[in-house]
Amino acid sequence: MSFASLGLIDPLVRTLDALGYATPTPVQAQAIPAVLARRDVMAAAQTGTGKTAGFAVPLLHRLTMEGPQVASNCVRVLVLVPTRELAEQVHDSFKAYGGALPLRTHVAYGGVSINPQMMKLRKGLDVLVATPGRLLDLHRQNAVRFEQLQTLVLDEADRMLDLGFARELDAVFSALPAKRQTLLFSATFSDEIRAMAGRLLTDPLSIEVSPRNSTVQKIRQWVVPVDKKRKAELFMHLLQKKRWGQVLVFVKTRKGVEVLVDALAAHGVAADSIHGDKPQPARLRALERFKAGQCKILVATDVAARGLDIDDLPQVVNFDLPIVAEDYIHRTGRTGRAGNAGEAVSLVCADEVGLLAAIEVLTRQSLERIEEAGFEPEHRVPATNSAGHIVKKPKKPKKPRVKDEVSTIDVRFARR
Ligand code: AMP
């Protein structure tokens, strides 16, 4: 299947081609025809599946085909996202895919001046990507109007609810025309998301690209709190103590991969590696050796490890937690395949508590923490609660006399 065979206009097909998108990803192959046909869509798709192009490309196609016709302060397509980072990212995608098209797009989120956003809205926008709070501010100030709104996209709907946007979302929904297309994308489908979908969507096409959560639940997962500088030592200790056979180890950076491989080699432990700096043939060789059991330890970065299909892998070690929580599910999914029991252990230092909290929210579980005797961290990893919040220790009371000391010094200087 090609993008052209989906009936997309030439400028879009050419842009996608220039970006190196040869064939639609599974979510795109299903979503694009449905969005073109103005159907509602409910898609379980995580970051990395190509979901953004799955909605952006057909919407750009439709907006172009209908011609420019947007009135002052009106928007034709509204994309709601949970964070400013995602807002920028999604808007960048619209700009990249629609670069050759005569459409007006903009992005709006809080924490920055509202005026430039209001100025952009004056002439109307074909696409507005926004976070819910700032959108409501703009709406209250009559800077954005919805009578021309055709399509609402909810991207990462689960994260929007996790971040506590339920009330803002309800306020937005009630301001939108009832007759519209709604596209709901979510990595996970909790009861709350399903209830929301039930209220918002009419006869939606359901798309499920990779079944999530289910994979993770079969796998025994736990966290070992440890100081950052002792991770390599702890890894070698666990390797011996637990008599791990084959282990796939995830490290955050390419450099980190090599540092760990060298540290292991210095202790007589052979390990292979795959990361983006290695030529493809070397990566494949490392993978083959690992699959054949000739090398017991494979150290990898996330990018290099995407799509690795290794059967019966009993052990995954997160030497570093992933920056993007979804990658935890990709990583953990390397073990426990086809119903086999698997284990995933994460070596977590205090700096990584935010990443840990994000993973716990995404996978809707609290990961058990098991300290390893002799490796108890000096910098304790703060507790996280079920909402994914980091439980801060009460602050120490301030030293009471600092101010007096400063003024004493001031006085002495003044006397000189
Ligand atoms: P997303 O899941 O939307 O965050 O996209 C993940 C990554 O896949 C982005 O870097 C896109 O540029 C890329 N991508 C999306 N669709 C395709 C495609 N059909 N072919 C190749 N890469 C793609």
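A residue counts as buried when its relative accessible area is under 20%. With that cut-off in hand, here are some close-ups of this predicted model.

View 1. Take helix α16, residues 353–363: eight of its 11 residues are buried, so the helix is largely enclosed by the rest of the structure. Look for Val353, Leu356, Ala357 and Ile359, which are among the buried residues. Glu360, Val361, Leu362 and Thr363 are buried as well.

**View 2. Strand β6, covered on both faces.** How many of the residues of β6 are buried? The count is six of six, so to speak a strand that is mostly covered. On one side sit Gln181, Leu183 and Phe185, and on the other Thr182, Leu184 and Ser186, every one of them buried.

**View 3. The neighbours of β6.** Strand β1 (residues 41–44) pairs with β6 (residues 181–186) in the parallel sense, over four bridges. In this pairing, Ala43 stands opposite Phe185 of β6. Helix α9 (residues 191–200) packs on the sheet here and touches β1, β5 (151–154) and β6. The direction of α9 makes about 170° with that of β6. Strand β5 also runs parallel to β6, and four bridges join the two. Here Leu152 is the residue opposite Thr182 in β6.

**View 4. The open sheet that holds β1 and β6.** Step back and you can follow seven strands in the order β3-β4-β2-β5-β6-β1-β7, an open sheet with parallel pairing. At the edges stand β3 (105–108) and β7 (205–208); each has a single partner strand, so one side of each is left without a neighbour in the sheet. On average, neighbouring strands of this sheet are turned by 15° against each other, direction ignored. Helix α5 (residues 115–122) lies across β2 (75–80), β3 and β4 (125–130), and runs at about 150° to β3.

**View 5. Helices α6 and α8, packed at an angle.** Two packed helices are described by the angle between their axes and the distance between the axes. For α6 (residues 132–140) and α8 (residues 166–175), the angle is about 45° and the axes are 9 Å apart. The two helices are therefore oblique to each other. The crossing of α6 past α8 is left-handed. From α6, the contact is made by Pro132, Gly133, Leu135, Leu136 and His139. Glu168, Leu169, Ala171, Val172 and Ala175 meet them from α8. Sorted by class, this contact has seven nonpolar, two polar and one charged residues.

Notes: Residues numbered from 1 in each chain as written. Predicted model: local features only at pLDDT ≥ 70, side-chain atom pairs only at ≥ 80, totals over all residues. Heavy atoms only, no water. Axes fitted to C-alpha atoms, helices over the stretch in contact; angles between N-to-C directions. Parallel < 35°, antiparallel > 145°, perpendicular 65-115°, else oblique. Left-handed = near helix turned anticlockwise from the far one by under 90°. Contact = heavy atoms within 4.5 Å. Nonpolar A, V, L, I, M, F, W, Y, C, P; charged D, E, K, R; others polar. Pairing = 2+ DSSP bridges. Buried < 20%, exposed > 50% of the residue type's maximum accessible area, 1.4 Å probe, protein only.
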